[in-house]
Structure formats: structure tokens, C-alpha cells
Amino acid sequence: MMDDLKTRLKEMLTSGAIGMVIGYGQKEIYMADGSREYRTCPVFLSRDTEIDRLVWNRHCVQNLVTYLTKEEYKESGKIALMVKPCDLKAIHVLEQEKQIDRKRLFIIGLTCKGVMAEKMGIDEGHLAGKCIKCLDSSGKSSAVCTPDEADIVIETLPDGDMPPKGKDISSDLEGFEKMPSEKRWAFWQNQFLKCLRCYACRSACPMCYCEQCICDMSRPQWIDKSPHLKGNFLFHIVRAFHLTGRCVGCGECERVCPMGIPLMLINQKMIDTVKDLYGYESGKDPEQAPLLSQFKMDDDQSFIK
Amino acid sequence: MKKIKDKPQESEDLLLEKDRLWQPRIVAFLCNWCSYAGADLAGTSRIKYNPQIRIIRVPCSGRVNPLFILRAFIDGADGVLVSGCHPGDCHYSTGNYFARRKFALLKRLIEFCGMDERRIHFSWVSAAEGSKWSQVVNDVVNAVYQAGPFTGFDLPVFSKETEIETPADLCKQGPERFAYSIDLMSRTGKK
Amino acid sequence: MARIGVFVCWCGSNIAETVDVKEVAKYAGCLPGVVISIDNKYMCSDPGQRLILDAIQKEKLTGVVVAACSPRMHEVTYRRTVAQIGFNPYMLEMANLREHCSWVHPDKRMATEKAKDLVRLMVEKVKRNQPLYNVQIPVTKKALVIGGGIAGIQAALDIAQGGYEVILVEKSPSIGGHMAQLDETFPTLDCSQCILTPRMVEVAQNTRIRLYTYSEVEAVDGYIGNFQVTIRKKARSVDIKKCTGCGQCIQKCPTKTKSEFDAGMGIRKAIYVPFPQAVPNKPVIDRDICLKFTKDRCGACQKVCPTGAINYEQQDEFVTEDVGAIICATGYELTETHIYPEYGNDPDIISGLQFERLVSASGPTLGELKRPSDGNAPQSIVFLQCVGSRDPLAGRPYCSKICCMYTAKHTMLYRHKVHNGKAYVFYMDIRAGGKNYDEFVRRAIEEDHAIYIRGRVSRIYRKGEKLIVLGADTLLGAQVEIEADMIVLATATVAPKGIEKLAQMLGVSYDLHNFMCEAHPKLRPVETNSAGVYLAGACQAPKDIPESVAQAGAAASKVLGLFGQKELSREPIVAQVNQSTCAGCFTCKEVCAYKAIEIREIKDKKGNLIKFVAEVNKGKCQGCGACAATCRSNSIELCGFTDSQIFSQINHLTDGVTIEEPPGEVPMDAEETQGVSEETEKERLIEKPALAGQKVKN
């Protein structure tokens with residue numbers, strides 16, 4: 001199946017039907033101790049000779065939709081993109097917000113039964129957090145999901161057994177919400193204090209496409225730029241708020257955070273809140289109006305005096 | 001400023017002593033057409049209310065960006081109130097409906113992060129509700145007073161205790177991996 | 001460098017009594033950027049205003065803060081004053097020391113502290129003010145009236161009378177609307193046609209009115225003063241210029257159907273003029289039933305037409321018109337007669353409008369009252385009111401308003417035709433508010449002996465010749481059973497089907513029942529929240545003829561007021577997009593209630609598209625700022641309430657708020673301002689610690 005795809009992509013590249021393939025590929029990296037390893041990482045291929053680098057395995061955790069809105073790829077003509085079913089939601093949100101032209105996109109739909117957490121931390125060797133949620137909601141322990149809007153579907157599943165499940169974020173969330181507010185505040189203070197303001201979370205997020213991020217604005221400087229508590233607090237709250245009703249829970253922000261701030265805890269909370277309050281699921285339908293640009297007469301206002 | 005905690009255990013005298021030293025600082029964002037006019041009416045009707053509130057006029061509650069509220073806390077407010085027209089009364093027909101969604105989500109978000117719910121308030125006050133305005137202000141001041149001074153951005157409590165109690169060892173990863181020997185003092189920038 | 005002047009008003013003793021104005025002025029003088037700070041007993045008086053003007057000139061001020069009453073009171077006054085000497089009015093702001101401070105805070109110390117804060121915040125805001133200039137919008141002095149019923153006719157005539165051109169669009173083949181269908185009108189019982197048709201002719205003859213009948217509004221673009229309207233002229237299949245209206249084609253036409261004008265009581269041909277007095281009095285072919293179009297045969301009309309006006313090949317035509325204002329007068333519809341299953345669907349159960357046609361001298365029976373089933377004159381008629389209206393379960397909790405009056409009229413018309421006939425009316429309440437209205441209903445009951453029964457009808461069924469009506473008389477508390485020959489239902493008045501499409505096109509909001517919404521229910525009843533679009537008649541809510549005519553006149557006067565100005569000048573409190581940072585997500589577009597956000601293409605020098613960005617149409621923007629608050633990259637600013645203005649206010653919130661000494665003794669609670677003894681006060685301190693702090697002595 002992959003071979004078919006590769007042949008087709010090569011053809012399309014040579015004929016100029018597509019300008020670039022963004023997919024998963026393998027790369028040889030040198031470790032600190034001098035050894036060499038293969039890692040799966042995003043690859044950007046614009047020559048047909050490179051196409052053979054494409055892979056589809058359990059390590060393809062990244063959400064490649066992020067790259068679609070990056071300046072560098074706007075000029076590359078039609079882009080073929082490897083998309084996991086969950087990543088499709090991000091495409092929907094971007095379509096909703098008129099950021100991408102579906103016609104400029106050739107979606108290579110992957111059939112997926114969960115990918116591994118690639119976080120350089122505790123969850124390594126486990127199923128990624130987002131997959132637990134995804135597989136649970138489809139009601140089967142080893143669900144196989146297929147993107148239905150893809151231009152071409154890869155039906156082969158990646159090799160290997162189902163990795164063990166890691167910790168489920170919902171249980172974290174439940175535990176966390178039981179804590180008294182001072183404890184929660186202290187927890188987040190400690191977390192936000194670690195933030196270096198490297199903005200990796202922002203760069204990895206498919207929804208953070210603003211030409212000028214509010215965090216970079218200096219007149220007025222709403223959000224202090226130096227990494228101290230006040231600025232960090234504001235940055236993270238604003239980041240979470242700007243993702244409210246847009247976050248599709250791909251977990252990239254948390255995965256790339258070098259300081260291990262559990263950003264998905266906030267994001268998941270907001271995903272749940274939005275569903276709970278307004279029955280809204282981001283990325284469900286590219287036609288629906290964005291959450292904050294619609295309202296219902298009987299929206300909850302119990303909190304308003 | 002010291003945190004006022006465990007209030008019931010302190011003697012009343014001590015409480016009063018502290019009360020005298022501290023007055024809550026509350027910012028109110030009022031829409032021009034209803035709530036600001038309602039506050040004007042409270043004035044013309046000479047309805048007295050607590051003076052610890054500073055009003056910033058905006059055209060519509062829909063103009064209130066969540067940033068305003070968050071920034072007010074950063075800049076030293078102990079509490080924030082946003083007030084607009086009742087649903088259906090918006091001068092701009094739908095501004096307050098959009099605002100309502102934003103505020104509902106913002107409130108949930110920052111309360112999730114541990115913000116005391118007594119510090120953030122929303123109300124609908126019409127141009128005819130001078131007495132409601134005074135009541136809202138008194139209630140808000142009262143609530144913020146009970147919550148005490150906002151010291152959330154003072155030096156955090158980075159104790160063993162909070163680390164252990166947080167779920168899923170979530171806060172462990174960072175420091176461990178990156179030899180996170182932090183000098184908290186230099187991070188917070190003061191004190 | 002900012003040079004700010006602060007002017008603190010005493011307002012006689014209104015402010016000075018509880019706020020130490022001298023101290024506030026002194027404090028303001030020390031604020032960075034403030035070059036002059038003075039107080040005066042009455043800032044709004046002539047000498048007070050002179051002070052401000054002199055200071056602006058002498059000190060070369062860049063910004064002014066007047067610390068006085070509410071800006072809602074005097075902002076306009078002060079801004080106008082400073083504008084006299086060429087100072088940009090939007091560089092002046094007011095700090096509200098009276099309504100928000102001195103009048104509500106009796107504690108002089110606290111009030112003074114608050115006053116200082118308020119002044120400081122305003123000084124910080126005004127430093128970041130930008131000079132703003134009114135937005136000038138050219139106005140196309142031509143109006144569009146949608147709907148050719150009595151409201152539309154009246155509005156069109158009034159505007160034309162004012163000297164401006166009007167385009168009147170009507171979807172059916174003739175103007176006249178529902179009023180043309182009525183027999184006689186309440187409360188005078190004068191003939192509807194007699195008063196309406198002269199108006200219709202006037203419209204046709206008025207050189208300033210351009211009439212588009214059998215046409216619909218297809219698209220509306222633009223904004224107040226500058227609308228572009230696309231009108232679809234539906235194919236009439238008759239060349240209106242060649243046609244003389246002789247009517248031979250109608251006589252020859254073999255195809256018949258129920259007449260819409262006669263509310264289904266009479267018949268018309270496939271080629272038809274809706275009614276004899278129609279304007280224009282030219283026929284139209286109903287392509288849905290015409291044999292030429294359905295089966296491609298016949299063609300009788302073409303053969304018989306002496307002028308060769310029949311044109312089967314005619315196509316829909318699109319016309320674009322530039323107009324400056326739009327009046328929407330699209331009227332109402334009645335619901336179906338069989339909305340309640342328990343009433344059945346008998347041919348002798350008809351609607352009020354059908355009854356009008358049955359009694360009308362120009363109707364299918366030429367004014368002779370015959371019941372639909374057998375053509376006999378009904379000896380008793382039961383009229384049911386509130387059929388479908390005032391019924392939350394049917395989804396229409398509102399009152400249809402006109403039925404009480406027309407039912408009373410119907411009973412009279414009936415009794416005038418069938419002298420010994422019995423007219424029963426089932427009603428919920430009689431709503432006869434209006435000049436001579438209640439007298440009219442009383443006349444129906446007392447002189448024409450209509451029998452009014454308060455109650456509802458539970459069932460209607462046929463028994464031989466008769467219809468049996470089962471109902472309740474709630475005043476007697478008894479069941480009622482009436483044998484009737486005919487039933488007339490006062491069915492609910494509803495918005496026309498599909499009208500929400502037009503409302504969306506116009507940017508007018510509509511309520512749950514698709515009635516269009518006015519801008520303010522009391523003070524702006526004919527305006528809509530889409531500037532330049534006005535409402536007339538029953539499209540807004542059920543209305544009778546006098547009300548519709550009155551509203552049409554009001555809407556026309558609004559249009560004339562708009563056209564009377566050279567250019568439209570609007571406050572510059574509008575949003576502005578920073579197009580270099582706009583990412584083009586268009587969330588702002590969705591939250592704008594005025595459709596003021598438009599999509600603009602940014603192109604490079606070669607003409608290649610770089611990106612799409614939002615652009616604010618200053619003609620449409622009303623300055624609410626919802627877009628600015630929604631923009632994630634803060635790429636939208638609201639002039640007059642910019643981010644940096646509000647930021648600086650928030651940022652300077654807490655400078656110097658430290659109160660070292662305990663505040664003085666003044667009771668703070670609104671309801672307990674007087675007569676509090678020491679003891680009760682102490683008790684309260686314990687209960688309400690929040691307010692206690694301010695009340696402690698020593």
C-alpha cells in the first residue's frame with residue numbers, strides 16, 4: 001500500500017500536480033554518546049527521488065497540519081499531507097477559520113490504531129494520551145479509524161502490537177479538579193514558573209497561525225515578555241483561552257514543551273467545558289461557525305448577577 | 001503583603017486591625033449604554049455604595065477582551081467586575097451574547113487554574129437599575145473582601161507538599177530532566 | 001510630549017461637598033504630563049468653558065480632562081466647545097466625579113481618593129487619545145421600498161412627495177397587497193377599494209416612483225447611503241410595453257386555477273390580471289399551469305393578442321439599482337385554516353380573508369354571501385377568534401392584533417347581507433384599543449346583535465347540512481353546542497414564508513416568529529440595527545391599516561431626514577483593522593451585528609494575491625468593539641476605546657492607592673445610611689466584615 005502511494009506521489013511530483021509532500025520520514029541522528037539512532041520525524045519532500053523516505057509507523061505522533069499555515073509552505077503549490085484521523089480535525093478548524101484552501105491540499109489519509117507517546121519523559125513506550133481518548137470514544141479497544149475526507153487512503157496499519165496504555169488525562173483532570181483552589185493555584189504557579197517562554201508550544205500548535213502573536217506585541221504590551229510569574233501566567237491563560245473552542249487535543253504543545261508543563265490538562269479542561277456548556281466540538285465540521293462567533297439565546301448565564 | 005488565611009482562627013481585633021490596613025481594589029468594566037447609565041442613575045438617586053470600585057467605561061460588554069480582566073489582576077486589582085446590558089437589551093443588539101460566552105469560558109478557565117471565584121464577577125445592570133448597581137458593587141466588594149488581598153503573583157509556595165499532592169506526578173518531569181535547580185528569587189524578580 | 005490640562009468642576013456643592021476638589025486639582029497637577037490643573041465652581045458655565053479654551057490656547061494643550069459630571073451628560077457639550085477653537089473634540093475626556101463619586105460616596109476622604117484615581121485614569125487615557133475626524137459618507141438620494149401593500153405605497157408616495165426618487169418592488173403582478181382584498185374596513189365600514197385604488201393609481205402616475213411588479217429583491221450590497229440592490233424581474237411572458245390591457249387573451253385562455261387574490265374562493269385563468277383595478281393592469285402568465293409551458297400546446301393568447309405582446313421566450317431579467325435607503329414593507333400572511341386537527345378540514349370552514357372575498361362586491365360571488373359547499377346563504381355563522389395566535393403550544397404566543405376588530409366587522413357585514421342570520425363569536429378577550437374601536441365592537445354586539453361567547457371551541461364536526469361547534473362558555477361555566485352553516489376562523493397573522501432570507505440580505509434581525517426587529521422597541525420603532533434600512537407595516541409585527549400607514553409615514557420621514565443632508569456625518573468611534581497583522585480568520589466578521597466587516601484582497605505590485613484581510617466599512621460600523629475583543633492577534637482597534645487607552649487605564653489603576661490611615665467614620669451601606677447606634681454598628685461589623693473596615697472609629 002505504501003509502495004502504491006509512493007509511486008503515485010512520485011508521479012504527481014514529476015507532473016507538477018503537487019509541489020511538496022509533508023509526511024513522516026526517518027532520519028538518522030547522532031546521540032550524545034556517539035551512537036546512532038533512527039527517529040521518525042516530519043519530512044518535507046519536493047523531489048521525487050526523496051519520496052522513499054516516507055514511513056508510516058507507531059512513532060508518527062506529530063500533527064503535520066501545523067506546517068500548512070507556516071509562511072514557508074504557502075508558496076509551495078499543492079501540498080500532499082499525511083494525515084491521521086485525529087489530525088483531520090485540525091484541518092477542519094483551519095478551514096473554518098479560512099486559513100487553508102482545501103483545493104491546495106492532497107490529503108493522504110492514514111488508517112490508525114494509535115501512536116506512541118514520543119514525549120521525552122514518563123510516557124515513553126506507551127500509547128499517546130490523545131489516542132486513549134480517541135480509541136475509547138470509538139467504543140472499541142483497538143479501534144481503527146480512517147479519515148473519510150482523504151484524497152487517498154492508506155489502509156495498512158503500522159506494524160507492532162498495541163502499546164500499553166499510559167495514564168489517561170481524564171483521570172488526571174478529575175483528580176486535579178478535586179483539589180482546593182489554593183492548591184490548584186500553587187500547582188499552576190509552580191508549573192508556569194518553569195516556563196522559559198521558548199514558545200515551542202506556540203510553534204507546534206496548528207491553531208497558532210497569527211501573523212503577530214499577542215505575546216509579541218509591545219504597544220501596548222499586554223503580556224510581559226520576560227519569563228517571570230506574571231508574564232508566564234498571562235501567556236499561558238491567554239494561550240489556553242485563544243485555543244478555547246479551537247483546540248483539537250492533538251497534544252503537540254505538551255509534547256514539545258522542554259519544561260514538561262502539563263498544558264494538555266488545561267486544554268482538555270477547556271475542551272470538556274466547551275462541550276459541556278455549548279455542546280460544541282472543535283474540528284467536528286468545517287462548516288460550523290466558530291464557537292465564539294456564535295451564541296444561543298439561552299446560553300448559560302447562571303454565573304452572571 | 002501578608003496573606004489573610006484561616007480567618008476564623010484569628011481574633012476579631014486582629015481582623016479589624018488588618019481590615020483597616022487593607023481595602024480591596026476592584027476594577028469594573030461597564031458598558032456605556034446600560035450599566036454605566038445605571039451607575040449614573042445610582043448617582044442621581046444618591047444611592048450610596050462602597051467606594052472601592054474604579055469604573056472603566058467601554059462602549060459594550062462585547063468590547064471587553066478577556067485580556068482586560070487578566071491584566072487587571074496583573075496590575076494589582078483584587079477583584080474584577082464586568083457589567084453590561086441584560087440579554088436582549090444590548091444597544092448593539094448582540095454584543096452581550098458574545099460577551100457572555102467569552103466570560104463563561106474565561107471564568108471556568110481561571111477558576112480551574114485556582115483563581116478564587118470570589119474575585120471575578122459579571123452582572124447585567126440596566127440603565128434603570130441604579131439600586132441594583134449599588135447592590136452589585138456592595139456584593140462584589142464584600143466577596144473580594146472575604147477573599148482577601150490578591151497575592152497570587154507573590155512568591156509561590158514551592159514546597160514538597162504541593163508537589164506530592166498534584167496528580168500523576170505531572171510536575172515532576174521538568175525539573176528532573178533538566179536539572180531544574182532554580183533560583184526562585186531571581187525568577188520572580190522581586191522580594 | 002503630551003500636554004494635558006485637567007479641569008476639576010465643583011458642580012456648585014454637588015461635587016465639592018464630598019470631594020476635596022482643591023486637593024484633586026493639586027494632585028492632578030503633579031501627574032506626569034499634566035501642565036495645568038484648575039478647579040472651578042461650574043465648568044459647564046460660560047466662564048468655566050472659557051477657562052478651558054484659554055488654557056488650551058495658552059498652554060498649547062494636547063489633551064483635556066474635565067473632571068465633572070457623567071460623560072453621558074456633558075461630554076457632547078465640552079467637545080463642541082473645544083471644537084470651536086479648532087481643538088480636536090476627541091482629545092477631550094471626562095472623569096465622572098459626580099454620578100460615580102461625590103453623589104454615592106459620603107465619606108469625604110474615600111471620595112477624594114477615588115476622585116484622584118478617576119482623574120489619573122482619564123489623564124492616562126487621554127495621553128493615548130488620537131485626534132479623530134467624523135466619517136463623511138455620500139448619500140445616493142434614491143430610496144427602495146420593498147413591498148407594494150398599503151404601507152409600501154404610503155412610504156413610496158411620501159418619499160416621492162419629498163422630492164426624491166423611489167423604486168417600489170412588489171413580488172406579485174400588482175400592487176395593493178392585502179388591503180385590496182378587503183371588502184370594507186373597520187371602524188368606519190368604508191370600502192377598502194375606494195380608498196386604496198386611488199393611491200395605487202397615484203403610484204403608477206407619479207414620475208418619481210419607478211414600479212417593479214412581479215419582481216423580487218435578489219441581493220443587497222453596500223451600506224447606508226450606498227446600497228446596491230439587484231432586482232429580479234420575473235418573466236411575465238407579456239411585453240408590458242406592447243400590451244394594451246384589452247383582456248382578450250384572458251377570455252380565450254382555457255386553463256383555470258384557484259385565484260390567489262380571491263384567497264382560493266374564486267378562479268382565475270393561466271393568463272390573468274389579479275383583479276380588475278390592478279396596477280399595472282397588464283396580464284401575466286402563470287407558467288406553472290399554462291399549457292404552452294407545461295405541455296407545449298394551446299398558444300391561444302398569442303394568437304388572439306392584437307398587439308403581439310405575448311412572449312413565451314421572455315426570461316427573468318436582473319436590474320441593479322443604487323439606492324441610499326431601504327424601506328422594508330413586506331407585510332404578513334395568514335396561517336392555514338386547518339391548523340387545529342380537531343376543527344377538521346371542511347370546505348365551509350374558511351379564513352377571515354376568504355370571508356372578505358365572499359362578501360366583497362368584487363368577489364367571486366359578486367357580494368352575494370354563498371357558502372362554499374352548496375352555495376346556499378348561511379343562516380348562522382360561527383366566528384372563532386385566536387385560531388393559532390395566543391397559543392404558546394402552537395408556537396405563537398403573540399396576539400395577531402387585527403382579528404378582534406375584523407371579526408366584529410365580519411359579523412356586521414354578515415348581518416347586513418343576511419338580516420335574520422345568527423352571528424356567533426367565540427373570543428378569548430376583546431382587544432379593541434384604538435380610536436372608535438371599542439364603540440365599533442359594541443355596535444356589532446348591540447345594534448347588529450352579534451352573539452359574543454367568551455370561550456374556546458374544542459371540536460367542529462359535520463352533521464348533515466350543518467356544522468356542529470362544541471365549545472365552552474367560560475362566563476357561564478357551561479358547554480355550548482351550536483349548529484352553524486359556516487365557520488370563519490380568525491387565523492393567526494404570521495410573517496411571510498421565507499422572509500428571513502430577505503432579512504438576512506438586509507442585515508435586519510428577526511424574532512422567533514420571523515417578524516423583523518426594530519432597533520429599539522420604543523424609541524427607534526422604524527429603524528433597524530442595519531443603518532439605512534427602515535421598517536413599515538406588518539413585517540415588524542401584526543398591524544392594522546392605520547398603524548401601517550402611520551409607520552410607513554414615519555419610515556418615509558426617516559428617509560427624507562437622511563436625504564435632506566448633504567453628506568452623512570457619523571461619529572468616528574469605529575473599528576480599524578491593522579491589515580499587516582490580520583491573519584484573515586474572519587471571526588470578527590461573524591460577531592459583527594452590522595455586517596460591517598468585509599473581506600479585502602491584499603495583492604502585491606504584480607497583482608498576485610498575498611492574503612485576505614478584514615476591512616471595516618466605516619459607513620456600517622456602529623462602534624461596539626465586539627470585533628476588537630474577538631480578534632486573537634488584537635489586529636482590530638476601536639477608535640476612542642483603543643487597546644492602548646484601556647491598557648493604560650488598567651495599568652495605572654493602583655498607583656498611589658495606598659491608604660496609610662484608617663478611613664474616617666461614615667456608614668457605607670446603602671440602606672443604612674442614617675441613625676446607626678454604636679451597638680448595632682458593632683454587631684454589624686462582625687456579620688459583615690467587608691464593610692466593617694470603613695466604619696471603624698479612631
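In this predicted model, four strands of chain B make up an open sheet with parallel pairing, in the order β2-β1-β3-β4. Strands here are DSSP runs of E with at least two residues, helices are runs of H or I with at least four, and both are numbered from the N terminus; two strands pair if DSSP finds at least two bridges between them. At the edges lie β2 and β4 (120–124) of chain B, each of which pairs on one side only. On average, neighbouring strands of the sheet are turned by 20 degrees against each other, direction ignored. Helix α4 (residues 95–112) of chain B packs on this sheet, where it touches β3 and β4 of chain B, and its direction makes about 160 degrees with that of β4(B). Contact means heavy atoms within 4.5 Å, while axes are lines fitted to C-alpha atoms, for helices over the stretch in contact, with angles from 0 to 180 degrees between N-to-C directions.

Strand β1 (residues 26–31) of chain B pairs with β3 (residues 79–84) of chain B in the parallel sense over five bridges. Within this pairing, Ile26(B) stands opposite Gly79(B), and Leu81(B) is the bridge partner of Ala28(B). Six bridges join β1(B) to β2(B), also running parallel, and here Ala28(B) has Ile55(B) as its bridge partner.

Six of the six residues of β3(C) are buried, so β3(C) is largely enclosed by the rest of the structure. Gly63(C), Val65(C) and Ala67(C) point one way from the strand, with Val64(C), Val66(C) and Ala68(C) pointing the other way. Strand β1 (residues 4–9) of chain C runs parallel to β3(C) and is joined to it by five bridges; Ile4(C) has Gly63(C) as its bridge partner. Five bridges also join β3(C) to β4(C), in parallel, with Val66(C) opposite Met94(C).

Helix α3 (residues 71–84) of chain C has 14 residues, which at 1.5 Å a residue should span 20 Å, and its end C-alpha atoms are 19 Å apart, in agreement. The expected span is 1.5 Å times one less than the number of residues. Pro71(C), His74(C), Glu75(C), Tyr78(C), Arg79(C), Thr81(C) and Val82(C) are the buried residues of α3(C). Seen down the axis of α3(C), these buried residues fall within an arc of 160 degrees, so they line one face of the helix; the arc is that of the directions from the helix axis to the C-beta atoms. They pack against α2 (35–44) and β2 (53–58) of chain B, and also against α2 (46–59), β3 (63–68) and β4 (92–96) of chain C. On the other side of α3(C), Arg80(C) and Gln84(C) are exposed. Ser70(C) caps the N-terminal end of α3(C), with a side-chain oxygen 3.1 Å from the backbone nitrogen of Arg72(C). Just after the helix, Gly86(C) takes a positive phi of about 80 degrees.

Residues are numbered from 1 along each chain as its sequence is written, and chains are lettered from A and ligands numbered from 1 in the order in which they are written. Local features need pLDDT of at least 70 and side-chain atom pairs count only at pLDDT 80 or more, whereas totals for chains, interfaces and linings use all residues; side-chain values use heavy atoms, leaving out hydrogens and water.

Notes: Buried < 20%, exposed > 50% of the residue type's maximum accessible area, 1.4 Å probe, protein only. Polar contact = N/O pair within 3.5 Å; in protein donor to acceptor, adjacent residues only side chain to side chain.
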